[in-house]
Amino acid sequence: MNRNALRELLNRADGTLKIVGLMSGTSADGIDAALVEIGRDNDAVSWRLLAFECVPWEPDLREAIRTGFQRETSLPFLLALDSRLGSAFAGAAIRVVRAAGVDISEVDAIASHGQTVWHQPEPFPVGAGWGTGTLQFGDGNIIAAQTGCVVVSDFRRADMALGGQGAPLVPFVDYALFAASAEGRIVLNLGGIANMTWLPAGAASADVRAFDTGPGNMVLDAIAFHLSGGCDAFDRGGALAAHGEVNHKLLRRLLEHRYFALPPPKSTGREDFGAHYAAELIALAQKAGCCGADTMATATALTVETVGRAYDQWTLPNGGVHTIILGGGGVQNATLVRWLGERLAPAQLTTHAAFGLPDDAKEAVAFAILAYETLNGRSANMPYATGATGPAILGKIALPPPAPAS
């Protein structure tokens with residue numbers, strides 16, 4: 001790949017491109033990799049999923065990622081982690097391309113969200129001033145070098161440079177794929193953090209609102225890991241929660257967390273609801289006399305109620321909602337889904353799969369679409385969702401090394 005080849009790619013970007021989307025979510029379960037064929041049809045995004053792979057983190061690397069989440073982790077360790085994750089993302093891209101029966105030379109670009117290590121949208125003191133920032137690890141230059149592809153990565157900072165939260169970014173894709181003229185919809189992602197995108201009936205892009213509601217699977221996974229002595233990574237099917245009883249006094253206390261009362265735009269992550277929060281919740285539950293099942297039931301109810309309160313406060317007053325489209329790993333938690341259905345009734349719950357998009361593949365596909373917009377020089381943030389002062393072209397482009405001279 002040289003400058004002429006890049007120029008050729010950008011010149012035909014509005015045509016159909018094959019792009020690999022890579023994503024590792026807040027729960028850090030592994031890398032979701034999707035090979036997507038993307039184009040435009042009458043100015044609307046068209047897409048076709050060619051292959052999808054979920055590549056689990058190697059146990060030692062997942063442990064290293066968990067170490068990277070801790071504030072006291074050394075800079076040399078973090079730099080090395082960024083490098084090693086770059087290689088892991090490159091491997092996942094090659095794997096999904098092979099699964100599609102496509103040669104890597106046929107791939108036009110790779111879009112890598114990376115692994116969020118720290119997200120700081122709220123001003124933090126630095127010397128005599130203040131700053132914000134975000135860290136997604138998995139060096140795009142390493143991905144480019146090891147795959148020979150153009151790589152778009154580091155999607156969030158362009159929005160933050162305009163005063164935005166840098167999140168959520170997926171609402172652009174939610175609007176492109178799921179907006180409808182006949183009914184109001186919500187796209188609810190049940191990842192490590194839960195977030196919703198509100199799509200009013202007949203919405204223009206400026207009408208879309210989106211924000212993180214609070215903890216999704218992250219706290220539930222941490223509790224399952226603790227209660228099982230490290231044997232279970234999550235509450236399979238929500239079975240443990242289904243056998244417990246919600247401690248409503250503890251739930252009311254948990255709902256007092258300052259984040260839940262903040263108005264949108266807002267975003268959160270492991271910094272608010274990570275391991276320290278799960279440990280505090282477990283300690284409070286033990287003090288309240290909760291058994292393991294009751295602790296899980298109460299934490300599950302926390303996700304349900306924070307979604308429900310956000311739904312009541314920030315979406316329903318602005319228009320009716322007929323359909324709620326669920327996605328993310330939480331779709332596999334039958335108890336969580338059942339309780340959400342009861343809490344959000346009469347709105348009807350469905351999943352991304354009903355629209356032809358596998359639930360696990362959603363965010364990998366989304367970042368492939370965001371990269372498509374980047375390569376076309378088009379903005380893809382939604383300022384009303386992130387709080388940015390204006391539109392931003394997302395991501396940074398890394399080029400692979402040029403071919404050796406013959």
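Visitor: How many of the 24 residues of H13 are buried?
Guide: Helices are DSSP runs of H or I with at least four residues, strands are runs of E with at least two, and both are numbered from the N terminus. Buried means under 20% relative accessible area, exposed over 50%, and partly exposed in between, with a 1.4 Å probe and protein chains only. H13 is largely enclosed by the rest of the structure, because its buried residues number 19 of 24.

Visitor: On what basis are such values given?
Guide: This is a predicted model, in which local features need pLDDT of at least 70 and side-chain atom pairs count only at pLDDT 80 or more, while totals for chains, interfaces and linings use all residues. Residues are numbered from 1 along each chain as its sequence is written, and side-chain values use heavy atoms, with hydrogens and water left out.

Visitor: What distance separates the end C-alpha atoms of helix H13?
Guide: The expected span of a helix is 1.5 Å times one less than its number of residues. For the 24 residues of H13 (residues 292-315) this gives 34 Å. The distance between the end C-alpha atoms agrees with that expectation, at 34 Å.

Visitor: Is Gln136 buried or exposed?
Guide: Gln136 is found in strand S5 (residues 129-137). Its relative accessible area is 14%, so Gln136 is buried.

Visitor: Which side chain makes a polar contact of 2.8 Å with that of Gln136?
Guide: A polar contact is a pair of N or O atoms within 3.5 Å; within protein, one must be able to donate a hydrogen and the other to accept it, and residues adjacent in sequence count only if both atoms are side-chain atoms. The side chain of Gln136 has such a contact with the side chain of Thr116 at 3.1 Å. The contact of 2.8 Å is with the side chain of Thr134.

Visitor: How many aromatic pairs does the structure hold?
Guide: Rings of Phe, Tyr and Trp (its six-membered ring) pair if their centres lie within 6.5 Å; planes under 30 degrees apart count as stacked, over 60 as edge-to-face and the rest as tilted. The number of aromatic pairs in the structure is seven.

Visitor: What is the arrangement of the rings of Phe155 and Phe367?
Guide: Their centres are 5.1 Å apart and their planes stand at 70°, so the pair is edge-to-face. Phe155 lies in the loop between strand S6 (150-153) and helix H5 (157-161) and Phe367 in helix H15 (residues 362-375), so the pair ties together parts 212 residues apart in sequence. The arrangement is edge-to-face.
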